[in-house]
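Okay everyone, thanks for coming. Let me put the structure up and walk you through a few parts of it.

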Amino acid sequence: MTIKAPEIDKLEVPEIAWPEFVERFNIDWAAGGSGQHVSGVGRTRSGKTTTLIQMLDHRRFVVALLTKRVDPLYASFRKRGYHTIKDVSEWPERDWHPKIAIHIPTEGLTKGAAQRQASQIRRVLDRAWTVGKLDLFVDEISELHDLLGMETELRTFYKEAGSSDVALWAGTQKGVRAPREMYDQPRWLFFWPTRNRDELKRIADMNASEPELARQIVAQLDRYEVLVVDAWEDVMVRTRPPKL
Ligand SMILES: Nc1ncnc2c1ncn2[C@@H]1O[C@H](COP(=O)(O)OP(=O)(O)O)[C@@H](O)[C@H]1O
Ligand SMILES: [Mg+2]
């Protein structure tokens, strides 16, 4: 099977140095008001958590929902001023601590373990929504969507969270297992390199005018290089986030 040569060279999408990108992103965000969400799609170890954690340094109130049992980067949240808790009931109010990491890992393979985890995560979503005016970071959204069966909650969250000024920052290693809303609701989409056809196809669900162009660029990215789409302004740039 031959892979079709790309019709568009990635160099046609401008590359911006990381510090400049972050500055522009923050200015554009401030001008955009509420209802913005961010999605990051890239296979495991592509640099998603590394990148999003750095972007979240610029946000005032953040709740990070961490669901993997172990991830070497989870220690970085602590170093960056996050207060780690294991249950949402330990979080009394937004001003208690501006940056919270809630670690709710899978505790086993039984149905009961999954149900307990799902119900704790549901409480985090509900709490974030009720408190409002914050950024909720979900490190692996396909875990909630695909493994814990939270499609309805996530769909509602995407559509309605803007009204309580909650921005959802979601990462996934499997776009095909994430909710469609992860593509069509956010203003900002970050894509790491892939040549997987199904993953590339999924890009068509985003709300920007040139998904085909985006697909071709994503297939040409280098390791740790990312394509960022601003779906509201319909612009794309490439950048290279640094290592922590
Ligand atoms: N820009 C980069 N340059 C070099 N190494 C990086 C870069 N971004 C991430 N890494 C390294 O790659 C590994 C995976 O990064 P991580 O953010 O955990 O990826 P993901 O969240 O996509 O699984 C980590 O060891 C991290 O230090
Ligand atoms: Mg990660």
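The buried residues of helix α9 are L213, A214, R215, Q216, I217 and V218. Buried here means 20 or more other C-beta atoms within 10 Å of the residue's own, with C-beta atoms placed from the backbone. That's 6 of the 8 residues in α9, which spans 211-218, so we call the helix mostly covered. Helices (H or I, at least four residues) and strands (E, at least two) are DSSP runs, numbered from the N terminus.

Before I go on, this is a predicted model: local features need pLDDT of at least 70, side-chain atom pairs count only at pLDDT 80 or more, and totals for chains, interfaces and linings use all residues. Residues are numbered from 1 along each chain as its sequence is written, while chains are lettered from A and ligands numbered from 1 in the order in which they are written.

So what do the buried residues of α9 pack against? They pack against β7, α8 (197-202), β8 and β9, where contact means C-beta atoms within 7 Å.

On to the sheet. It's open, with 9 strands in the order β3-β4-β2-β5-β6-β1-β7-β8-β9 and mixed pairing. At the edges sit β3 (83-85) and β9 (235-239), each pairing on one side only. Pairing takes at least two DSSP bridges between two strands. Further in, β2 (62-66) and β5 (134-138) run parallel over 4 bridges, and V63 has L136 in β5 as its bridge partner.

Last, ligand 1: 13 residues surround it, and the closest are G47, K48, T49, T50 and Y224. The cut-off is a C-beta atom within 6 Å of the molecule.

Conventions
A residue is buried if 20 or more other C-beta atoms lie within 10 Å of its own, exposed if 12 or fewer, and partly exposed in between; C-beta atoms are placed from the backbone. Two residues are in contact if their C-beta atoms, placed from the backbone, lie within 7 Å.
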